[in-house]
Amino acid sequence: MKTKRFQFLLLSITLVFAPITCRAEITVSLKKVFVQQFKDKATISTKFRIDQHHNSANPIGSGSKDGDIHIAGRDSVVKLPMVSEIINGKKENSALKFLLTTTSGQSVNLTGVWRLWFEHPGSADQIQGTTVPPADDTNPDHIFEFHPVVQFGTFNLLDSFAPIKNGSKEFRGYPAETAFPAYEKRPAVITVSNSAIMISSTKAAYNYAEFEMRLAGKPKDVGDGFIVFANVYSIGSGDDDDPLFEATRRMVFVKGSAPAEAVEKLKKGDRLQVLGIPRVNLNEVFAIASGLHGDEVFDETLPYEMIIVAILK
Amino acid sequence: MGMFNSNVLDIVIGLIFVYLTLAILCTAANEWVAAVTKRRGKTLERGVRQLLADQVVPNADRGDQQFAEEFYRHPLITKLLDRGNHPAYLSPRTFAAAVTDIVTNTGPAPPAPSVTSGLTPDKIETPLPNFAGLPEGQVKRSVLALIQHLKERNDPAVVQQALEAWFNDSMDRVSGWYKRRTQLWTIIIAAALTILVNADTVHIVRQLRNDPVLRSAVIEEAKVRSQKPRPTVTVEYKDENDPTSPTVTRNEGDALSQKELDVLGQMIGWHSPFRDNLRGETFLGWLLTVLAISMGAPFWFDLLNKIMRVRFAGKSPDETAKPPEKPDAEPRV
């Protein structure tokens, strides 16, 4: 009887304490001033030092065959491990030719949509401002990326904000009903120090999503783009269908791109079928951080918004 | 009967509930202690004084003065002091402005701008503080190193930027001190609370195992607690046309109800003389409780919610906990 009691006691206590050791998340530490500066911006302009690059665009198909050109490197503004991704690489021959003439370590003026997302986080925490070693390949562990690139050297790439096609082949994002439930459930632990905001999360999936957005308000001009609240629907939803979830999400458009020119003219209730990629909503992260006291921890879901890279319809 | 049945799960829920309620009490006590001892302000003051230590600054009226003392005499800082108490927060901008003003007004005069210095008329509208003219000291060394790093040493905006960066880097260290002190206080308060109320994990598990009525009551309270909002901050965007202006609200839902305290009281407390309780397993039980409380209320709240979902999976939300079973034949310990 004593053995049984002991087992009972041990099992109960083990069950309670086991979860303490069961958290495997990667943390990115961002400077508050950086978050404050870019939380409501679509893009960042920087000097990008090229370490490694693709010699051709990814093929077009499904999954990772997204037609992107990957360039791994380091920069002078963000100072995190990063890659830059030119979308619709097949359309950007001049930029690719220029890229092929560059040498490792060469700096290029670059403007790109900033994107923080735990797609390739690796296993080590990342701290903004610490020395970033040169990348060994075109896809090093990174949480930050410029995706899509808007200007590479002297090459304007705004025309890459279009459906990703090459002849009869077209890249398709994940259906909204697959991707968005995953985005909505991404875990996040946010903590704050006097000068930094730490965001911890786990590896994310479903990079591109196709969905219908219905505007919930007017697009706001944020200088280099537009941000608007919208509800998210599956492609093909009817008038009476419900959105995939009740809340609205921020949609980010880059000024000068075809999606931005389209959304600028829209009003509440109007619809667009789009291709988008998620990124951390730093506006919400900054607001959460400002509400935390001392060493409090925000342990909920990851605030995110969508970068609109193409209009599908 | 298998070991992993709903009784075990109920005991686990009961234990988590006890840890959650004790962690909430511990947090409240810690906040009270922090407020009474003005922990945040004192830690910040220690950080600022360390930053400005080992540096004198010439003063026309009072002769050489310690930089830290001049800093705390500066009107920008004195207006933040509440009856002499240090504020809990100091912005980098205020810090930089006060330091710049001290160096500009009480320090040596800056050198006259020359062609080689790179100063242009638009850049000298704001007086350039002459850190190089300060006597040797920590402030001079640190600020000049930062300005050198930023390369454009003659631009007042760069000096401001360097001072803010210097302050921010130092405040990361201060945040670390504060966290460590808070963690230390959490453990001290958790230990004091545990012994004061005799919250012995081993004894609590035994009680939950042997007393189905108590177990049922704890499950009921755990259900109520798990349905309360999690203590956290929430962000709302109230204007649908302005996606850049969120409103932050803090949900403090931490207060314990009388029922929760009553249930907790049945599992903890000194029911026999102190000496009779001093056994090896009591110390183990206290140690486990202290460790658990120091994990913090949000951790136990999240775990409680997850286990409640497992416990009541498949049952309707209105279904109450199962009725008490017939008590075990085993004698209570």
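Tutor: Let us start with a term: a residue is buried if 20 or more other C-beta atoms lie within 10 Å of its own. Please keep in mind throughout that this is a predicted model.

Student: With that cut-off, what percentage of the residues in chain B is buried?

Tutor: Chain B is built with 13 helices and 4 strands. Among contacts in chain B with a separation of 6 or more, residues 24 or more positions apart account for 75%. Of the 333 residues in chain B, the buried ones make up 33%.

Student: At what angle do helix H9 and helix H10 of chain B pack?

Tutor: H9(B) covers residues 212-226 and H10(B) covers residues 258-267, and their axes lie 10 Å apart. The crossing in which H9(B) passes H10(B) is left-handed. H9(B) brings Leu214(B), Ala217(B), Val218(B), Glu221(B) and Arg225(B) to the contact, while H10(B) brings Lys259(B), Glu260(B), Val263(B) and Gln266(B), and these residues divide into 4 nonpolar, 1 polar and 4 charged. The angle at which the two helices pack is about 145°.

Student: Which element supplies the largest share of the side of chain A that touches chain B?

Tutor: Between the chains, 37 residues of chain A are in contact with 35 residues of chain B, and those on the chain A side divide into 19 nonpolar, 10 polar and 8 charged. Elements that each supply at least two residues of this side are helix H1 (2-17), strand E16 (225-233), helix H6 (282-291) and strand E19 (298-301) of chain A. The largest share, 8 residues, comes from H1(A).

How values were computed:
Residues are numbered from 1 along each chain as its sequence is written. Chains are lettered from A and ligands numbered from 1 in the order in which they are written. This is a predicted model: local features need pLDDT of at least 70, side-chain atom pairs count only at pLDDT 80 or more; totals for chains, interfaces and linings use all residues. Axes are lines fitted to C-alpha atoms, for helices over the stretch in contact, and angles run from 0 to 180 degrees between N-to-C directions. A crossing is left-handed if the near helix is turned anticlockwise from the far one by less than a right angle, and right-handed if clockwise. Two residues are in contact if their C-beta atoms, placed from the backbone, lie within 7 Å. Ala, Val, Leu, Ile, Met, Phe, Trp, Tyr, Cys and Pro count as nonpolar, Asp, Glu, Lys and Arg as charged, and the others, Gly among them, as polar. A residue is buried if 20 or more other C-beta atoms lie within 10 Å of its own, exposed if 12 or fewer, and partly exposed in between; C-beta atoms are placed from the backbone.
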